[in-house]
Amino acid sequence: MKTRKKKNRIVWALAALLFAGTTGSAASPAIAAPKETKLPCEALFHDVQGTLIVKNAKTDRVYVCNSGRSVQRFTPESSFKVANALIGLETGAVRDEYDVKRWDGVVRPFEAWNRDHSLASAMRESAIWYYQAMARDIGAERMKEYLTRMDYGNMDSSGGIDTFWLDSSLKISAVEQAAFMEALVEETLPFREQTMKTVKRIMIDNDQDDYTVHGKTGTRLSDMGLGWYVGYVERGKNDWVFAANVDGSGTTAKTITLAALKRAGIA
């Protein structure tokens, strides 16, 4: 229930932006962050179609680029590894972040995938096969149950237990991804505290003296035509959640997001 309330707050905030005429690549004039009062969305995205949300979890102030697209649902691709890891740990499908699955010998297109992996290393290298195997161990019934409990996007796992998040039935918007990340940051998701802390730890993407970025990319590998970068930044007493998707790769979404966070003095 807490997660749904947080999600609804963001939805209403973005609806207000839409009604106020904040469309296309414009950023909200009501948004505030260190060193800057808005994001130069056109300069960040150039000719790339996409959306970005950056939200201060403490003050509830939000940056948004392309608010119309921010409420459109797309398949999460490998950004779903965050939710999948939570469910796998909670259900005992994996013991901990060090739980190793042996490579099955199938040569895949990314060299880093062609070896044994742990939950943490498979998150870092985005090794799909590990998380597919874990999803099969979780099972369709428990997976469906947790998608519902998390209120994750359209909660549709009908596309197959090891494929439903990959250009298939599961879909989620950037708004919903940001709300999910905020609930993870505040540890209000329906999981044990240790489960959430473990997943937040294995999401660390860049650990600096004054800030830490926790993030996960996702790319639709069939055509490289959809990319995600979702996560949050710890900086002092503030946490900033973010979610971006683009008509491109996860690398593109990450590059745009990190540039926005830098311009805003967040990371």
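Two strands are taken to pair if DSSP finds at least two bridges between them. By this criterion, strand 9 (residues 227-235) and strand 10 pair in the predicted model. The pairing is antiparallel and extends over nine bridges. Strand 9 and strand 10 form a hairpin, with two residues between the strands. In this hairpin, Gly236 adopts a positive phi near 60°.

Strand 10 also pairs with strand 1 (residues 50-56). These strands run antiparallel and are joined by seven bridges. Here, Leu52 has Ala244 of strand 10 as its bridge partner. Strand 10 spans residues 238-246, and seven of its nine residues are buried. Strand 10 is therefore largely enclosed by the rest of the structure.

The chain as a whole contains ten helices and ten strands. Of its 267 residues, 55% are buried. Contacts between residues at least 6 apart in sequence were also examined. Among these contacts, 62% join residues at least 24 apart.

The largest pocket holds about 420 Å³ of space. Its lining comprises 25 residues, of which Arg124, Glu125, Ser126, Lys216 and Thr217 are the closest to the pocket centre. Strand 8 gives the most, with five residues. By class, eleven lining residues are nonpolar, eight are polar and six are charged.

The relative accessible area of Ser121 is 7%. Buried means under 20%, so Ser121 counts as buried. The side chain of Ser121 reaches the backbone nitrogen of Ser118, at 2.8 Å.

Technical notes. Residues numbered from 1 in each chain as written. Predicted model: local features only at pLDDT ≥ 70, side-chain atom pairs only at ≥ 80, totals over all residues. Heavy atoms only, no water. Buried < 20%, exposed > 50% of the residue type's maximum accessible area, 1.4 Å probe, protein only. Polar contact = N/O pair within 3.5 Å; in protein donor to acceptor, adjacent residues only side chain to side chain. Helix = DSSP H or I, 4+ residues; strand = E, 2+ residues; numbered from the N terminus. 1 Å grid on protein atoms, 1.4 Å probe; cavity = no way out; pocket = protein on both sides within 12 Å on 5 of 7 lines; lining within 4 Å. Points joined across faces, edges and corners; volume = space filled by probe spheres on them. Nonpolar A, V, L, I, M, F, W, Y, C, P; charged D, E, K, R; others polar. Contact = heavy atoms within 4.5 Å.
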